Structure formats: C-alpha cells, structure tokens
Amino acid sequence: MKATSTVVIRNREYSVNIEGDGPRTCLCIGIGSLMQRTLSENFKSYFTVYSCDLYFSESTLPASFDSLTMTDLAQDLLEIIQQLNLKPTFLVGHSCFGILALETAKQLNAPIAGVILVASAPEWTQASLAFTNHYFLEHAEPGRVLNDQERKAHYNAIRKPTDSEV
C-alpha cells in the first residue's frame, strides 16, 4: 500500500507518505522520507509507516523557524499524529531526530506507543556528550579527528549567539 495525505502545521501544508500494511502505525520524523526508504519490507508488514519531511519543502522555511523550541517541535509532531488520527503510534527518529522522538514521548498524555531510535543516543546530557567525545577521540582515525576539529573551529567562527549545539 502506498498513499499520501496532507497535514497543516504552522499554516503550511506538508505531504505525508504512507507505506506498509502492518497493524501498528509509526511516524518517521525529521526527514521522514529518508528514514522511510531505509525501512525493510518486513518492517512494513508489521507497521503502516507514515513519513513527513516537516519544515523541509521546496519553498522557504517559515519565518518562525528560527525561534522553534524542542517543545514547539514536539507539539508539531503531536499535531501531525492528531490530524492523521494515529493513536497510539510509534515514533521513528534517526540521529538527532531520535532525541526529538524521546522528547515528544515525554509530553503529558502523548499518544505514543513507543520510540524507535535509529543511530540515536538514548539521552542528550553532558555525561553522554562527554562519553561520546572521549570515545571518538580514542577510537577514530586521526583524519576523522582532524576533520572534526576543523569543522568545529569553522562553526565556532560563524556561530550566532542564539545557536544551540543541538
């Protein structure tokens, strides 16, 4: 089964792709279409997979995009779930979008059946960041370490005071 639907978030329309025919539902968040393409046909026999490239479109980003908080992002995901009537649903998040999935699931009375993390840390704390950094420095090839240092130096040179490391 392949289908599409539409949701309206912050006065903008976003397409939602629907694939699979499983009895459970999941919503791929962030760049959902990328995540949806990585899921196996076997997975899609257990789940009906909804994906939305929220905030990403051919047109420009909304003016309010610079001021979105994690709470705003979580509320937008809950709005998608409500508009699509996906109750309860699993959230699928890759990398940093997994952190958003966890934050959304923590919302009071969120209709979330569970969270599926793909290459995501199960938490985003100073301790987990320190562990990750130490592990990377100890195990990465010297070229990767140098590349990481150069990217961070470049980012620090262009960083705005309102930027978040997340």
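# Notebook: looking around a predicted model

**Entry 1: a starting point.** I began with alanine 153, which sits in helix α6; helices here are DSSP runs of H or I with at least four residues, strands are runs of E with at least two, and both are numbered from the N terminus. This is a predicted model, where local features need pLDDT of at least 70, side-chain atom pairs count only at pLDDT 80 or more, and totals for chains, interfaces and linings use all residues. Residues are numbered from 1 along each chain as its sequence is written, and side-chain values use heavy atoms, with hydrogens and water left out.

I looked up the accessibility of alanine 153 and found a relative accessible area of 47%, so alanine 153 is partly exposed. The scale calls a residue buried under 20% relative accessible area, exposed over 50%, and partly exposed in between, using a 1.4 Å probe and protein chains only. I also checked alanine 153 against asparagine 42: they are 111 residues apart in sequence, and their C-alpha atoms are 43 Å apart in space.

**Entry 2: staying in α6.** Next I looked for a charged pair in this helix. Aspartate 148 makes a salt bridge with arginine 151, with 2.9 Å between the closest N and O atoms. The term asks for a side-chain nitrogen of Lys or Arg within 4 Å of a carboxyl oxygen of Asp or Glu. The two residues are three apart in helix α6 (residues 142-158), so about one helical turn separates aspartate 148 from arginine 151. A reminder to myself: an α-helix has 3.6 residues a turn, so residues three or four places apart point the same way. Aspartate 148 counts as buried, at 11% relative accessibility.

Entry 3: How many salt bridges does the structure hold? I noted seven. One of them joins the side chains of aspartate 76 and arginine 10, at 2.8 Å from N to O. Aspartate 76 is in helix α3 (residues 70-84) and arginine 10 is in the loop between β1 and β2, so this pair ties together parts 66 residues apart in sequence. Is aspartate 76 buried or exposed? Aspartate 76 is buried, at a relative accessible area of 7%, while arginine 10 is partly exposed at 34%.

I followed another pair, glutamate 19 and lysine 44, whose closest N and O atoms are 3.1 Å apart in a salt bridge.

Entry 4: Strand β1 (residues 2-9) and strand β2 (residues 12-19) run antiparallel and are joined by eight bridges; two strands pair if DSSP finds at least two bridges between them. Which residue of β2 is the bridge partner of valine 7? I found tyrosine 14. Two residues lie between the strands of this hairpin, and arginine 10 has a positive phi near 50° there.

**Entry 5: the sheet.** Six strands make an open sheet with mixed pairing, in the order β1-β2-β4-β3-β5-β6. At its edges are β1 and β6 (112-118), each pairing on one side only.

**Entry 6: helices α3 and α4.** Finally I turned to two helices. The axes of α3 and helix α4 (residues 96-105) come within 9 Å and cross at roughly 75°; axes are lines fitted to C-alpha atoms, for helices over the stretch in contact, and angles run from 0 to 180 degrees between N-to-C directions. Met70, Leu73, Ala74, Leu77 and Leu78 of α3 meet Ile99, Leu100, Glu103 and Thr104 of α4, contact meaning heavy atoms within 4.5 Å.

I picked out threonine 104, which has its place in helix α4. Threonine 104 counts as buried, at 0% relative accessibility. Leaving aside residues up to four places away in sequence, threonine 104 touches Ala74, Leu77, Leu78, Leu91 and Ala110. Gly98, Ile99, Leu100 and Ala101 are also among the buried residues of α4. What covers the buried residues of α4? The cover includes α3, β5 and β6.
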